[in-house]
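Good morning, and thank you for coming.

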Amino acid sequence: MIKKNSLFASRQIFIPIAALVLLALFNLILDPSFFKITLGHNSTGDPVLTGYLMTILDYGSEVAILAIGMTLVTAASGGQDISVGAAVAIAGSVILRVLVGLGGDGSLQAPIIVGFLAACVVAMLFGAFNGVLVAVFNIQPMVATLILYTAGRSIAAWINNNELPIITEPTFTYFGGFIPGIPIPTPFFLAVVCIILTMLALKFTTLGLYTQAVGINASSSRLNGLNPTFIKWLSFVILGLCVAVVGLIKTSRLSTINYSVIAKDIEMDAILAVALGGNVLSGGKFNIMASIIGAYVIQFLTTTLYKFNVSSDALPAYKAIVVILLVVFSAPTVKDKLLKVMKKQKGVS
Amino acid sequence: MKKNAVLEMKGIVKTFPGVKALQGVDFTLCKGEIHALMGENGAGKSTLIKVLTGVYEKDGGEIFLDGLEKAAVIKSPQDAQNLGISTVYQEITLCPNLTVAENMYIGRGKDVLTNWKKMNAEADKILENLGIPAKAAQQLSDCSIAIQQMVAIARAVDMDCKVLILDEPTSSLDESEVEKLFGLMRDLRSRGVGIIFVTHFLDQVYEVCDKITVLRDGQLVGEYVIEELPRVKLVAKMLGKELDDMEEIKDENQIYHGDEEVVFEAEGLQSDAGIKPFDFHIKKGEVNGFTGLLGSGRSECVRAIFCADKVIGGKVKMKGREVKLTKPLDAMKNGIAYLPEDRKIDGIVGDLSVRDNIILAAQVLRGFFKPFSRAEANAFADEYIKLLEVKTASADTPIKSLSGGNQQKVILGRWLLTHPEYLILDEPTRGIDIGTKIEIQKLVLKLASEGMSVTFISSETDEMLRTCSRLVVMRDRKVVGELSGADLTQAKVMETIAGGEM
């Protein structure tokens with residue numbers, strides 16, 4: 001019985017893994033140097049690993065962290081939050097404001113942890129705002145989050161009075177770069193921490209069961225003593241927490257912020273990761289690990305395209321092709337046909 | 001093909017992974033007859049219908065239709081429709097936001113342009129012809145469920161159907177509506193349409209049908225002319241055993257003998273669902289029920305007790321102590337369990353496994369930070385699957401792929417797992433087969449004999465008379481009487497439901 005279940009779970013995770021293998025094969029055939037990793041030294045003389053795979057690990061982690069929250073939002077509310085990019089800008093802006101303030105000289109006015117916690121609180125508040133619109137007022141999640149999507153970057157700029165504070169403190173660059181002595185990019189470790197925390201939460205609380213129950217049938221969940229409104233709202237707040245972590249990584253990379261460009265279109269990657277993970281976008285059952293692998297697959301794709309000199313303007317078009325393939329192959333009718341073909345071949349052999 | 005037959009299905013085979021749904025089933029339908037297809041849940045009725053209508057592809061066997069030389073090829077519902085096989089399902093499958101005429105003609109026009117005037121006129125003609133009290137230009141959602149059902153039939157009939165399949169069309173209709181539907185069915189019969197009628201209501205079978213085909217466990221039991229198969233025999237055929245205990249289940253179980261404590265007491269309880277304030281109480285080990293016509297407010301009463309609707313007034317006491325219940329969780333914490341009327345909307349969590357569906361309520365009661373371990377959950381699931389004899393491939397099977405009766409058992413298991421003191425069952429036997437119905441009734445009496453208080457609601461009065469020792473009668477969203485002891489007779493219940501003020 002248990003074996004069957006794990007098989008079923010692995011079938012969902014099979015989709016992003018298959019995509020990953022395909023991409024890897026593609027690169028292996030066209031240019032094996034894609035997989036080369038070199039140990040070098042950065043400007044401060046610390047050892048760092050470089051190579052395309054490291055880039056994927058580095059930038060894929062941002063999407064992976066957001067994919068965790070996005071998966072929960074999708075499962076509980078049956079919709080997606082399109083405001084995460086703008087919310088990252090807000091979170092980043094809050095960190096800068098708290099750490100250096102207006103007209104500062106770039107030195108830290110407060111410990112980094114304080115800045116990060118402030119960003120967490122603010123991002124969770126904005127998540128709560130989205131959550132209230134969706135869970136209490138029953139607005140379509142995409143429409144509800146469109147508000148913050150539109151206003152978010154202006155709010156981010158307003159927080160710092162439209163200035164661009166620069167942090168000169170070198171330890172601040174660790175979060176989006178490397179910790180001295182450790183050659184693997186820090187965002188990856190942050191993603192691992194987030195994943196472990198999520199897995200612990202799913203194991204030691206009933207979050208998973210409640211979220212799925214509410215996403216599948218809110219009315220019957222209510223009659224089982226659950227509070228569907230609260231659980232939907234909670235999923236948005238959790239996504240807010242993920243947003244704050246990404247806000248820290250993003251600002252740390254630059255030591256400053258660019259309100260109109262920071263984390264631009266990252267919401268699409270996060271949603272795509274959820275879809276690539278084989279999760280139903282209309283809510284219900286979910287598999288967070290599949291979403292996370294999906295996130296790295298997307299970064300794999302992006303990096304591959306960059307390597308083949310696809311300009312960043314043309315990138316979305318290529319991603320669109322992936323989306324089309326994904327949607328077509330996960331459509332029930334195609335799935336049925338594929339299963340039939342597989343059955344027939346089994347019968348022949 | 002047999003003379004006079006419009007449809008002949010021979011040796012139909014259909015297998016699903018792990019289940020032989022149909023094993024060489026034959027079925028013959030003649031012109032101008034109403035043919036009941038009977039069987040327990042999981043007997044293969046729906047599968048047979050779905051093979052015939054092209055929803056499933058059959059794995060073996062042949063289908064012959066009147067007027068066709070060779071065996072018919074039915075691979076999609078469209079094929080079936082083109083061959084003159086029309087279906088009206090239990091759930092209305094029309095569009096409520098369109099007009100009656102639009103619903104009748106949707107998806108049928110081959111022309112680019114629609115002549116609205118002509119369409120409406122034709123629709124009106126058909127409706128009048130069939131004696132359906134609806135206007136072509138009326139929006140469908142303005143019609144009662146029964147009329148909507150009839151519009152669906154009118155649509156089917158107008159498509160020159162030779163075979164009309166009615167899959168549980170009466171389960172959401174009240175008696176007078178059912179009568180109207182039967183009138184229409186008889187009318188169609190006289191016009192030579194062959195009708196396949198699937199229902200769980202035995203009364204209805206004996207009222208309109210000419211023949212009965214019985215299926216059991218995916219196999220054909222036999223085809224019978226209605227006069228030759230009395231009710232008791234039909235039930236025996238469906239269950240595969242003689243049934244002598246149907247009438248007498250109440251006496252089998254000893255009645256609860258203990259202290260007569262009042263478990264639940266409500267005074268002037270009122271919810272926002274539009275019922276008049278009502279008083280109610282139930283004692284330990286008592287089985288009582290709310291009865292009344294559909295829409296009389298009987299479900300709303302129990303929903304108010306469980307706080308499923310918003311409670312707007314009244315006092316509630318549990319075991320003599322006043323408590324404040326505002327949401328379902330409060331009621332659950334006080335030992336109340338509620339099996340809702342609408343299994344699909346309020347009961348099951350479709351995509352979740354049988355196991356998760358069983359543990360859900362108990363898990364919520366246990367708390368957010370104390371999830372059941374995998375082993376505990378499995379143990380609970382296995383326990384209740386075994387106790388209630390749920391037919392499922394495994395505890396991991398999504399509940400939505402179970403038959404209606406088995407889904408109901410799972411939901412029942414969910415509430416039994418919370419070990420309630422007071423169990424409310426709202427139509428637990430609706431749409432499920434007679435074998436499971438009796439099992440559930442027996443279970444109710446057994447639980448009561450062990451000291452559980454049960455409120456039982458059913459559309460079938462005889463079912464309630466068999467199980468309940470006290471009936472609260474409702475009319476027009478108001479409690480109009482209470483019957484117990486010698487007053488518990490069909491006649492007295494009817495009188496109270498229909499009669500003037502007591």
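Let me begin with a definition: a residue counts as buried if 20 or more other C-beta atoms lie within 10 Å of its own, as exposed if 12 or fewer do, and as partly exposed in between, with C-beta atoms placed from the backbone. By that rule A:Ser255 is partly exposed, because 19 other C-beta atoms lie within 10 Å. Please keep in mind that this is a predicted model, in which local features need pLDDT of at least 70 and side-chain atom pairs count only at pLDDT 80 or more, while totals for chains, interfaces and linings use all residues. Residues are numbered from 1 along each chain as its sequence is written, and chains are lettered from A and ligands numbered from 1 in the order in which they are written.

A:Ser255 has a phi near 60°, a positive value in a residue other than glycine. For context, most residues other than glycine have a negative phi. A:Ser255 sits in the loop between α9 and α10 of chain A; helices here are DSSP runs of H or I of at least four residues, strands are runs of E of at least two, and both are numbered from the N terminus. Phi is positive at A:Asn162 as well, near 65°. That residue belongs to the loop between α5 (141-159) and α6 (186-204) of chain A, and A:Asn162 is exposed because it has 10 other C-beta atoms within 10 Å.

Next, the domains of chain A. The assignment, of the automatic or database kind, gives domain 1 (14-309) and domain 2 (315-349). Taken over C-alpha atoms, their centres are 29 Å apart. Seven residues from domain 1 of chain A and seven residues from domain 2 of chain A make the contact, where contact means that C-beta atoms, placed from the backbone, lie within 7 Å. On the side of domain 1 that touches domain 2, α10 (266-276) and α11 (288-307) of chain A each supply at least two residues.

Which residues touch the most other members of the largest nonpolar core? Among them are A:Leu66, A:Ile90, A:Ala123 and A:Val243, in a core of 170 residues. Such a core is a set of buried Ala, Val, Leu, Ile, Met, Phe, Trp, Tyr and Cys residues joined through C-beta atoms within 7 Å. Helix α9 (residues 228-254) of chain A gives the largest share of this core, 15 residues. Leaving aside neighbours within four places in sequence, the contacts of A:Ile90 include A:Val122, A:Phe126, A:Gly152 and A:Ile159.

Let me move to the two chains together. In their contact, 26 residues of chain B meet 21 residues of chain A. On the chain B side, α13(B) gives the most, with six residues.

Within chain B there is an open sheet of six strands in the order β5-β6-β7-β3-β8-β9, with mixed pairing; two strands pair if DSSP finds at least two bridges between them. The edge strands are β5 (85-88) and β9 (219-225) of chain B, each pairing on one side only. β5(B) runs parallel to strand β6 (residues 163-167) of chain B, joined by four bridges, and B:Ile85 has B:Val163 as its bridge partner in β6(B). Helix α5 (residues 145-158) of chain B packs on the sheet, touching β5 and β6 of chain B, and its direction makes about 175° with that of β5(B). Such angles run from 0 to 180 degrees between N-to-C directions, with axes fitted to C-alpha atoms, for helices over the stretch in contact.

Elsewhere in chain B, strand β12 (residues 287-291) is largely enclosed by the rest of the structure, because five of its five residues are buried. On one side are B:Val287, B:Gly289 and B:Thr291, and on the other B:Asn288 and B:Phe290. β12(B) pairs in the parallel sense with strand β17 (residues 453-457) of chain B over three bridges and with strand β18 (residues 470-475) of chain B over four bridges. B:Asn288 stands opposite B:Thr455 in β17(B), and its bridge partner in β18(B) is B:Arg470.

Finally, is B:Arg414 buried or exposed? B:Arg414 counts as buried, because it has 26 C-beta neighbours inside 10 Å. This residue lies in helix α15 (residues 404-417) of chain B. B:Asn357 is 57 residues away from B:Arg414 in sequence, yet their C-alpha atoms are 6.7 Å apart.

Methods. Contact = placed C-beta atoms within 7 Å.
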